[in-house]
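Here is a short tour of one chain, going from a single residue out to the whole fold. Keep the structure open as you read.

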Amino acid sequence: MNWALELLQKMSARRTESGVGEAAAPDRFEGDAALLEQARQALATVDDPELGLNIVDLGLLYGLNATPELIEVEIGLTSPSCPLPEHIARQARAAVKGVVGGDIPVDVTINRKRRWTPDRVSPEARRLLGLS
Amino acid sequence: MFRPLRFILLAAAAAALASGLWAGLERIGWVEPATGSELMLWHGPLMVSAFFATLIGLERAVALGERWLYAAPALSAASGLLLVTGTSPQAAAVLASAAAGILGAGAVEAFRREPALYMAALATGVFALLGGNILWAIDGLSPAVALWWAGFLLLIIAGERLELSRILRHGPLSHGWFGIAVATIAASLPILLANDQAGLRLLGAGLLLLTLWLVLFDIARRTVRQQGLTRYMAVALLAGYTWLAFTGALLALGGEPLSGSGYDAVLHSIFVGFAFSMVFAHAPVIFPALTSLDLPWRPIFYLPLALLHVSLAARLTSGAVESFELRAAAGATSAAAILLFFALMAGSAVTARLVSPQSAREGPTIDRA
């Protein structure tokens, strides 16, 4: 499962190249590779309902630290005026707990400081919107 | 997590909405006003400075994660309460102005966090609410106050649409166009006070510019191709845009008198056709966000949406054919559509709670502001 960790880190590096503000900090993906991949796939089921795109493809997943003792998820917002942070955090926690089981605690952090840019959107999401 | 303050504010917004709708039914002659009641006079303030301002103020407070910002919806709700009880309309206007002032401070804080064109549009919308409320407090209700309130909703929603559509990576043409549309709408408001016909025509031009921007650059044109809730939201948005275009054309081409059926058409196209369509679009997302309750979207939500737009079309037709009976029936149907929508949402939340009661429980979320 090391390939999954490497893939996440490559995606992270690519996404932060053109970031601004705190976006210059790299995304963090650490811990057990199998758990990381499970958690990432679970988070890819959490959608922004208006866009119909999941938070991973939107580039809102800033960090994952997955160990058998604790899974930490750091997510961002597309804008400081977005009223959905708690809602998305709740769904993210439920999604991750749904795949890793109830024994591992899941902490979700909302990072309001880091500024999101459209450059973080994945090619797949852009294709779904008819942009490429 | 159960958040009592949010539920209290939402209940206050719901009370303002119900009272505002009832006042509207009294105005169009669908129901008889109670003896001595002045409720019908406060239809506009209840709908905008009490209902919309409380709801939007709460949404802003949650978005920014600032406790002091909850004072804005609390004051808006208190303003509505004063109107419903008939205690002091003057004090209601002052409270509504104070609420808008706090909301303005929130808009400045949001702009400070992310200085961007869409934030500027959001802030301009809030200052239109502040201006309208101050005009109300100083001179009482007037058509100009109603149009400043319209500016509030138009500019707030415009800002939100640009914010969401950033994913499309707009270029200078889009940003320039949007900026001119927003500036035209904003400029029309003070001009209305000096020369109402010039202000109305400028407002109409601004609405047309904004509608064209929405048609060309808004993401709803793309998300309407998706399924379920995402498509429903896009349909509601696009339906609202048609009323914006209609009002823009009405004002820009002919101007409209600030009274009678033309005035009624302008106000209700903006407040019912555009603003309530936006409410119908976003409520299935915003209410779960504010309450932590699950609220699954259901296809039946299309029914009140269709009823809202059909009844508004009937209302505008009633003005053209001068039928007070049709106007009353159409207005009552619009009110019924709004109540039906919220009843369906409540039903969906209750059903979800019964099916999956554990979904309302959650652990803590760390909010790194």
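Ser76(B) sits in helix H3 (residues 71-85) of chain B; helices here are DSSP runs of H or I with at least four residues, strands are runs of E with at least two, and both are numbered from the N terminus. This is a predicted model, so local features need pLDDT of at least 70, side-chain atom pairs count only at pLDDT 80 or more, and totals for chains, interfaces and linings use all residues. Residues are numbered from 1 along each chain as its sequence is written, chains are lettered from A and ligands numbered from 1 in the order in which they are written, and side-chain values use heavy atoms, without hydrogens or water.

Is Ser76(B) buried or exposed? With a relative accessible area of 3%, Ser76(B) is buried (under 20%; exposed is over 50%, partly exposed in between, with a 1.4 Å probe and protein chains only). Setting aside neighbours within four places in sequence, its contacts (heavy atoms within 4.5 Å) include Ser49(B), Ala53(B) and Ala99(B).

## Helices H2 and H6

H2 (residues 43-64) and H6 (residues 143-165) of chain B have axes that come within 11 Å and cross at roughly 30°. Therefore H2(B) is roughly parallel to H6(B) (angles under 35 degrees; over 145 is roughly antiparallel, 65 to 115 roughly perpendicular, the rest oblique). The axes are lines fitted to C-alpha atoms over the stretch in contact, with angles from 0 to 180 degrees between N-to-C directions.

## The whole chain

Chain B has 13 helices and one strand. Buried residues make up 54% of its 369 residues, and its C-alpha atoms fill a box of roughly 55 × 55 × 40 Å along the principal axes.
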